Amino acid sequence: MWRRVTLLSQLVSSSNASILNQGAFTFKFWETFSTEAKPFITFVLGGPGSGKGTQCEKIVETYGFNHLSAGDLLRREIASETEYGTMILNTIREGKIVPSQVTVKIIQREMESSDNIKFLIDGFPRSEENRVAFEKITGAEPDLVLFFDCPEEEMVKRVLNRNQGRVDDNIETMKKRLKIFEALNRPVINYYSEKGKVFKINAVGNVDEIFEQVRPIFDSCKVSANYPNSQEVKIPPESMATLQKHIHHKQLLLFFSMAA
């Protein structure tokens with residue numbers, strides 16, 4: 001799972017020795033005792049019309065995340081007419097909720113098949129049951145939870161104006177959807193708030209204004225274009241021999257660039 005890594009032992013070889021001796025380098029590295037890189041997971045939560053989908057597009061463009069929309073994945077599964085898809089369609093037709101484990105397994109499949117290790121999971125978890133199922137099945141928790149907080153009247157206005165042809169885009173249905181969202185999603189937000197993982201975004205304003213609240217969150221986490229949670233260390237030439245010896249005792253996952 002999530003095996004897109006580069007080993008220092010592959011870079012520091014006899015063929016690269018002359019390059020490494022030319023000057024100091026800045027290394028971004030991750031220490032690990034396995035060959036798998038830990039994914040960086042962001043849950044993106046907010047009611048219908050909160051603008052979270054639009055902000056996900058901006059995050060993908062700026063920080064190179066893989067955007068996984070739970071709703072889109074379920075609709076794609078139905079369209080593909082797979083075993084899961086047939087079951088999901090029948091469940092929806094019966095007015096029931098798709099089982100959490102089904103949605104989680106579809107999301108997990110997408111994550112495991114991706115070359116990316118940075119994920120925006122949009123519109124999930126919708127409930128405490130979803131949250132528990134995700135953590136149990138994947139064995140992972142989110143690194144961040146973005147909550148796009150938007151007044152009800154603003155969300156209703158946006159949904160009614162977007163004119164996407166959805167049958168549930170009317171005032172009465174919207175109000176019901178918002179009540180359900182508040183009842184089911186609030187415990188999830190409270191749970192991760194207690195763990196210090198929730199970042200509340202004021203979702204009123206234009207797209208760029210809202211994104212200016214989002215940007216510092218990812219910048220402070222040092223989410224690079226290639227890997228999250230990196231540390232930058234400047235290594236002078238005289239230290240390279242020591243670093244090469246260190247490789248024999250521990251694997252270092254990294255990529256590097258010549259320091260200025």
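Two residues are in contact when they have heavy atoms within 4.5 Å of each other. By that criterion, residues 24 or more positions apart account for 80% of the contacts in the chain with a separation of 6 or more. The model is predicted, so local features need pLDDT of at least 70 and side-chain atom pairs count only at pLDDT 80 or more, while totals for chains, interfaces and linings use all residues. Residues are numbered from 1 along each chain as its sequence is written, and side-chain values use heavy atoms, with hydrogens and water left out.

**The whole chain**

Begin with a cartoon view. The chain has eleven helices and eight strands; helices (H or I, at least four residues) and strands (E, at least two) are DSSP runs, numbered from the N terminus. Of the 260 residues, 43% count as buried. Buried means under 20% relative accessible area, exposed over 50%, and partly exposed in between, with a 1.4 Å probe and protein chains only. The chain exposes about 14200 Å², of which carbon and sulfur atoms supply 50%; accessible areas come from the Shrake-Rupley method with a 1.4 Å probe, and for residues only the protein chains shown count as cover.

**Helices α4 and α5**

Select residues 70–79, which form helix α4, together with α5; the two helices pack at an angle of about 110°, with their axes 7 Å apart. Axes are lines fitted to C-alpha atoms, for helices over the stretch in contact, and angles run from 0 to 180 degrees between N-to-C directions. The angle makes α4 roughly perpendicular to α5, a term for 65 to 115 degrees; under 35 counts as roughly parallel, over 145 as roughly antiparallel, and the rest as oblique. Show the side chains of L74, E77 and I78 in α4 and of Y84, G85, I88, L89 and I92 in α5, which make the contact. By class, this contact has six nonpolar, one polar and one charged residues. Ala, Val, Leu, Ile, Met, Phe, Trp, Tyr, Cys and Pro count as nonpolar, Asp, Glu, Lys and Arg as charged, and the others, Gly among them, as polar.

Next, select T91, which is placed in helix α5 (residues 83–93). T91 counts as buried because its relative accessibility is 11%. Not counting residues up to four places away in sequence, T91 touches K96, I97 and V98.

**Helices α6 and α7**

Move to α6 and α7, which pack at an angle of about 50°, with their axes 9 Å apart. That angle makes α6 oblique to α7. The contact is made by S100, Q101, V104, K105, I107 and Q108 of α6 and by E129, N130, A133, F134, I137 and T138 of α7.

Select N130, in helix α7 (residues 128–138). N130 is buried, since its relative accessible area is 8%. Leaving aside neighbours within four places in sequence, N130 is in contact with S100, V104, F124 and P125. The buried residues of α7 are N130, R131, A133, F134, E135 and T138. Their cover includes β2 (40–46), α6 (100–112), β4 (118–122) and α9 (171–194). After α7 comes G139, whose phi is positive, near 70°.

**R186 in helix α9**

Finally, select R186, which lies in helix α9. R186 counts as partly exposed, because its relative accessibility is 28%. Leaving aside neighbours within four places in sequence, R186 is in contact with F147 and F181. R186 and L45 are 141 residues apart in sequence and 10.0 Å apart in space, C-alpha to C-alpha.
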